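User: I'd like to learn how to read pockets and helix packing in a model. Can we walk through one together?

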Amino acid sequence: MSIAPDAARMKRELAELIAIRTENPPGNEAEAAVYVRNLLEAEGFATVSTEYKPGRFNIEAKLENGPGPVFAFNTHMDTVPAGEGWSSDPFVVREADGKLFGRGACDCKGPLISMIEAMRMLAQDRSSWSGTLLGVFVGDEEIASEGAKFYAASKPKIDFAVVGEPTSNATFSAHKGSLRPVVRIHGITAHSGTPHLGENAIYRAAQFLTIVEAYHEDYVRHQSHPLVGNASLTVTRINGGHADNVLPGACDMLLDRRMVPGEEEEAVQKEFALLLERAHTKFGIRAEIIDYKATTGPATQTDENTSIVQASLAACRAHGTAEPGPFGFQGGCDLVHFRSVGAQGTVIGPGSLSVAHKPDEFVPVDEFITSSLIYRDVAKAMLKA
């Protein structure tokens, strides 16, 4: 049986989902979760809706179809804020020049609707596969992956997963991870007219930054991975002082450490401790890590020789992706949390990361429709009858 995607339905559902605002912060995926749940229940999927925090939801949809492995589609229901600079209403889908414009069109409501269409096609063709098909659609990927982390903490049994993110319908099998420590540099307050009576924490922070920069240049950037490139360490925020006429007694800075597959969080945390020791030895700087900001999580990779990567490459190639991969994300995504429960997985989706998070975000119509076929075929390959 050959079942084709319903392009008109996909466009309509994408428009309806984009009209449901899930900008993160605050996320508030409740209405979107109901919408997604209703679509999947109409196709015979058993669903579970989980409110893991007030107003924050995950949806799991399940279809059991005989013995076999467990395959999951995953993406997120939240988007980044719309922001300014749009040519049209970001929550009303506009079609022009073969593109569908709207906040979340490619990140990640386009992939979500495409996955639902693939799940429909699979539900209507149960003789072609055997096993358990899941749709796991989560909240809060954009800030801290809280939805995926909460879901993974329940230790679900999943053998294979495809995560939806904009990849221009190519296969990505690795992504970077991140750690963001907040470092507090201590000084001694004094009247700004008598700075010699205190210790300027901002000056001390400037000294510390030379150590951070040197460590990035001499060590971190040389940690490399063939798919995701180089690791990095930089500072992204700094805040010091509390009054115009008072020498600052403290200065906080947020470091951003991007890890490549093979680097472990615990080892990187030890690197931070060594940096603080180096700062004290060289400059007498008194510093401590007072917090770690939440991130999407560590780096991960699925080996190119695994069946899921090979099936993903084959499906992308069969449906016209000129350069199917495998590639690696410079940023992070929820693949790592499915890998943490033992699943082998890839990242595939319509649209380009280069237009995500920007005004006039869009997904090309042809990629949007085609991605549903890619998703379907990867699932079929892993759920062989």
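This is a predicted model: local features need pLDDT of at least 70, side-chain atom pairs count only at pLDDT 80 or more; totals for chains, interfaces and linings use all residues.

User: Okay, how many residues line the largest pocket, and which lie nearest its centre?

Analyst: The lining comes to 22 residues, with Glu141, Glu142, Thr296, Gly332 and His357 nearest the centre. The volume of this largest pocket is about 530 Å³. Sorted by class, its lining holds eight nonpolar, seven polar and seven charged residues.

User: And what volume does the second largest pocket have?

Analyst: About 170 Å³. Its lining includes Arg237, Asp252, Asp291 and Lys293. Strand 12 (232-240), strand 13 (250-259) and strand 14 (286-293) each give two or more residues to that lining.

User: Now helices. How do I read a packed pair?

Analyst: Two packed helices are described by the angle between their axes and the distance between those axes. Here, take helix 5 (residues 201-218) and helix 6 (residues 265-283): their axes come within 10 Å and cross at roughly 125°.

User: Why are helix 5 and helix 6 called oblique to each other?

Analyst: Roughly perpendicular covers 65 to 115 degrees and roughly antiparallel means over 145, so helix 5 and helix 6 count as oblique. Their crossing is right-handed. Helix 5 makes the contact through residues including Phe208, Ile211 and Tyr215, while helix 6 uses Leu275, Leu276 and Phe283, among others. By class, the residues of this contact are seven nonpolar, two polar and three charged.

How values were computed:
Residues are numbered from 1 along each chain as its sequence is written. Side-chain values use heavy atoms; hydrogens and water are left out. Axes are lines fitted to C-alpha atoms, for helices over the stretch in contact, and angles run from 0 to 180 degrees between N-to-C directions. Helices (H or I, at least four residues) and strands (E, at least two) are DSSP runs, numbered from the N terminus. Angles under 35 degrees count as roughly parallel, over 145 as roughly antiparallel, 65 to 115 as roughly perpendicular and the rest as oblique. A crossing is left-handed if the near helix is turned anticlockwise from the far one by less than a right angle, and right-handed if clockwise. Contact means heavy atoms within 4.5 Å. Ala, Val, Leu, Ile, Met, Phe, Trp, Tyr, Cys and Pro count as nonpolar, Asp, Glu, Lys and Arg as charged, and the others, Gly among them, as polar. On a 1 Å grid over the protein atoms alone, a cavity is a set of points where a 1.4 Å probe fits but cannot get out, and a pocket is an open set with protein on both sides within 12 Å along at least five of seven lines; lining residues have an atom within 4 Å of a point. Grid points are joined across faces, edges and corners, and a volume is the space filled by probe spheres set on the points.
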